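Welcome, and please open the model in your viewer. We will go from stop to stop, selecting a few things at each one.

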Amino acid sequence: MNQGLVAIVGRPNVGKSTLFNRLTKTNNAIIHNRPGVTRDRLYGTVTSVDEDGSGYSIIDTGGFETKDLYYQPFAKNIVWEQTEMAIEEADVVLMVLDAKAGLHPHDRELVQYLHKLEKRVIYVANKVDGQEQTPAMWEFYELGLDHIYNCSAAHNRGVWDLACAIEDELEKVNGTKLQLDHDGATKIALIGRPNAGKSSILNRLCGENRSLVSDVAGTTRDTIDTVISYNKKPYVLLDTAGVRRRKKISDKLEGLMVIKSLRAIEDADIVVIVITADEGMSDQDARLASLAADKYKPVLIVVNKWDLIPNKDSNTAREYELDLREKLADISYFPVLFTSCLENKRIHKILQEVEALATAYDKRVPTARLNEVLERAVHEHTPALIRKLNKRVKFYYATQVRTMPPTIVVKCNVAGEIQESYKRYLTKRFRKDLEFGKTPLRVLFRGKK
Ligand code: GDP
Ligand code: GDP
């Protein structure tokens, strides 16, 4: 399982965005049907080279619009501030050098900066288009680094090796992080735009059973998490101090909020996205929901400030929900809740929904039952003929190989030939017929060995 957050840093024009596109490209097929993908891409998902359906998040710090400012990395400017935060939140940093341009004083500054942080950093010289090292590359040895990968993002050379190196580093990070987990408690992240009502919700969730609340050191550096109890089970509200503090920073720029949200999604078992009834779901909210779905994390959408909607009747919520689900396209199975902190309405339902999601997330179905459903689904809707092979995909059997996220492996004759639409159909049937509720399901198709 590969997961985590990677930040790409480096001077302008070294090829960060090109590399970002190269690394995330394989994921396009999965996200094309999702909201907000046409926007300038600042972050994305890289699917694991193991093809086990896992993946990690990656931030392109070159995606922050005002590139010129970046020329003075240590000047106090917002682009640098965002890069600094991306580095701070990242599990692994990928620093890109330009093998055509050679060493630049700003490269040296950035390397020194990273050294001080004791972060896991992978250095890569980009624009090595041919087999030969460029003369400029020798200059990089001055930096005294253990290893410098080389690649050509434009020509897709060395990118695979780099992708493997990133995953190796992430694995090391994940290995050490597990010990910091809170004894099997379900970890909840509250995300959403500033002023959506996150801290108000947090206060209510903690306030209602104050005696059961305790603050503990967070899983990431310098954060405070809060443990609460619901139905005798422990839940951890991640980075509670951050939620309260975040407002100040994220007012400045949404980019900062996004970085924090990416981190929260990585660390959480369940993601609660808070939006306001009057403003609705922003593209950014939808993209974050989409990213959580890519990571197979259950998401609860809370439409807060429901009190602001005037003249409500019995249809208002239903219609609002339909609009919302339309916006969410193929991740519309996420549960939606309408709340008001002001009137204290349905806030208590948040934990109820979270509990239902957590149960589904951890659910295991018997193999026999799973295969009944597979058989029926295929019988009711047979896959299309594969023209070039002049045959149909044959499904042999299915097994659930793990929970959190529930993961089903389907064995078949020609896994590579199944249409995406058919995969979606089977996934939907599994979710519905096996009552996985509103949690994302990971379904992997494997050919005969
Ligand atoms: P960023 O500012 O660091 O995000 O850099 P970009 O990805 O925008 O790339 C800057 C320029 O370098 C563009 O013109 C790219 O086409 C070019 N470039 C990126 N990667 C390579 C590469 O591997 N080889 C060559 N020759 N050019 C590249
Ligand atoms: P955060 O930035 O997401 O943590 O948002 P806050 O919890 O600080 O709330 C922002 C503002 O919205 C505050 O003035 C709250 O009092 C207000 N607020 C929060 N929840 C509600 C609600 O349900 N209805 C209304 N009308 N206002 C709310």
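A residue counts as near a molecule when its C-beta atom, placed from the backbone, lies within 6 Å of it. This is a predicted model, in which local features need pLDDT of at least 70, side-chain atom pairs count only at pLDDT 80 or more, and totals for chains, interfaces and linings use all residues. Residues are numbered from 1 along each chain as its sequence is written, while chains are lettered from A and ligands numbered from 1 in the order in which they are written.

**Ligand 2.** Select ligand 2 and the 16 residues around it; Gly 197, Lys 198, Ser 199, Ser 200 and Cys 341 come nearest. Now colour helix H6 (residues 198-207), which gives the most to this shell, with 3 residues. Helices here are DSSP runs of H or I with at least four residues, strands are E runs of at least two, and both are numbered from the N terminus.

**Ligand 1.** Next, move to ligand 1. Which residues are closest to ligand 1? Among the 16 that surround it, they are Gly 15, Lys 16, Ser 17, Gly 62 and Ala 154. Helix H1 (residues 16-24) supplies the largest share of this shell, 3 residues.

**Helix H10.** Select residues 316-328, the 13 residues of helix H10. At 1.5 Å times one less than the number of residues, H10 should span 18 Å, and its end C-alpha atoms are 19 Å apart, which agrees.

**The whole protein.** Finally, zoom out to see 13 helices and 18 strands.
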